Amino acid sequence: DSGVTQTPKHLITATGQRVTLRCSPRSGDLSVYWYQQSLDQGLQFLIQYYNGEERAKGNILERFSAQQFPDLHSELNLSSLELGDSALYFCASSVGGTEPYEQYFGPGTRLTVT
Amino acid sequence: ILNVEQSPQSLHVQEGDSTNFTCSFPSSNFYALHWYRWETAKSPEALFVMTLNGDEKKKGRISATLNTKEGYSYLYIKGSQPEDSATYLCASRTLYNNNDMRFGAGTRLTVKP
């Protein structure tokens, strides 16, 4: 158990809908990262927040957005969902921001878009 | 967009064999290289974070080296055990391009008893 929690564990929704995935980092960690793992693309980095502010950005679609709240939990919002958004979404946390600290991954949220 | 490449794609070894695999990454604007161990149906687990050219890190029977000038890292496993069976992923982080992080496709290691 890494200490990173993600909810929900599974989510099934229809195309065009909007969902919110939630992540709570390990106690004391200030950074949260979001990743997408789809069958055909491997693991992709989406976005990082550090202490409430966006710190790094990867291949995140405009339909997706994230934020980190004052209590350091983070939410990933996915809107206008398409079939191709079906994937396993991981959250990870680390102590610092741009410094290369080890990241601890949560168990993931499996999203199925039908 | 420059990619992170890992080789081989998969590897089957006998228990007790030592093995190694490669991660190649863009050397320009390099910031950090991460290695992860990923077992089936679990989450990736951090092994090493490396930043400096010539870095060598070790954790038990697993070690890694880093060459930032030529853009590669090696992961070594000494005396492989069946519990080492997993996918080993590397990820390269750059200083620019929004501090993006790019993952390789992984090397799937199977250790036969």
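User: Before we get going, what counts as a strand here?

Analyst: A strand is a DSSP run of E that is at least two residues long, and strands are numbered from the N terminus. Please also keep in mind that this is a predicted model.

User: OK, then which element gives the most to the lining of the second largest pocket?

Analyst: That is β5 of chain A, which gives 4 residues to the lining of the second largest pocket. This pocket has a volume of about 340 Å³, and 18 residues line it, with A:Gln41, A:Leu43, B:Asn3, B:Phe103 and B:Gly104 lying nearest its centre. Besides β5 of chain A, the elements that give two or more residues to this lining are β1 (5–7) and β10 (101–103) of chain B.

User: How much space lies in the largest pocket, then?

Analyst: The largest pocket holds about 890 Å³ of space. It is lined by 38 residues, and the closest to its centre are B:Trp38, B:Glu39, B:Lys42, B:Ser43 and B:Pro44. By class, its lining is made of 14 nonpolar, 15 polar and 9 charged residues.

User: Let's switch to where the chains meet. How many residues does each chain bring to the contact?

Analyst: Chain A brings 22 residues to the contact, and chain B brings 22 residues. The area buried between chain A and chain B is about 1,600 Å², and carbon and sulfur atoms give 58% of that area.

User: Why give an area for that?

Analyst: The size of an interface is often given as the accessible area lost when the parts come together.

User: Which three residues of chain A supply more of its buried area than any other three?

Analyst: They are A:Leu43, A:Pro100 and A:Glu102, which supply 32% of the area that chain A buries against chain B. A:Leu43 was also named among the residues nearest the centre of the second largest pocket, while A:Glu102 forms a salt bridge with B:Lys59, where the closest N and O atoms are 3.8 Å apart.

User: How many salt bridges and polar contacts are there between the chains?

Analyst: The count between chain A and chain B is 1 salt bridge, and 2 residue pairs are found in polar contact across the interface. On the side of chain A that touches chain B, the elements that give two or more residues are β4, β5 and β6 (53–57) of chain A. By class, this side has 10 nonpolar, 8 polar and 4 charged residues.

User: New topic: where are the cis peptide bonds, say in chain A?

Analyst: In chain A, a cis peptide bond joins A:Thr7 and A:Pro8, with omega about -10°, and A:Pro8 lies in the loop between β1 (5–7) and β2 (10–13) of that chain. In chain B, the peptide bond from B:Ser7 to B:Pro8 is cis, with omega near -5°, and B:Pro8 lies in the loop between β1 and β2 (10–14) of chain B.

User: Is phi of A:Asn51 positive or negative?

Analyst: Phi of A:Asn51 is positive, near 50°, in a residue other than glycine, and A:Asn51 lies in the loop between β5 and β6 of chain A. B:Ala41 also has a positive phi, near 65°, and its place is the loop between β4 and β5 of chain B.

How values were computed: Residues numbered from 1 in each chain as written. Chains lettered and ligands numbered in written order. Predicted model: local features only at pLDDT ≥ 70, side-chain atom pairs only at ≥ 80, totals over all residues. Heavy atoms only, no water. 1 Å grid on protein atoms, 1.4 Å probe; cavity = no way out; pocket = protein on both sides within 12 Å on 5 of 7 lines; lining within 4 Å. Points joined across faces, edges and corners; volume = space filled by probe spheres on them. Nonpolar A, V, L, I, M, F, W, Y, C, P; charged D, E, K, R; others polar. Contact = heavy atoms within 4.5 Å. Buried area = accessible area lost by both parts, 1.4 Å probe. Salt bridge = Lys/Arg side-chain N within 4 Å of Asp/Glu carboxyl O. Polar contact = N/O pair within 3.5 Å; in protein donor to acceptor, adjacent residues only side chain to side chain.
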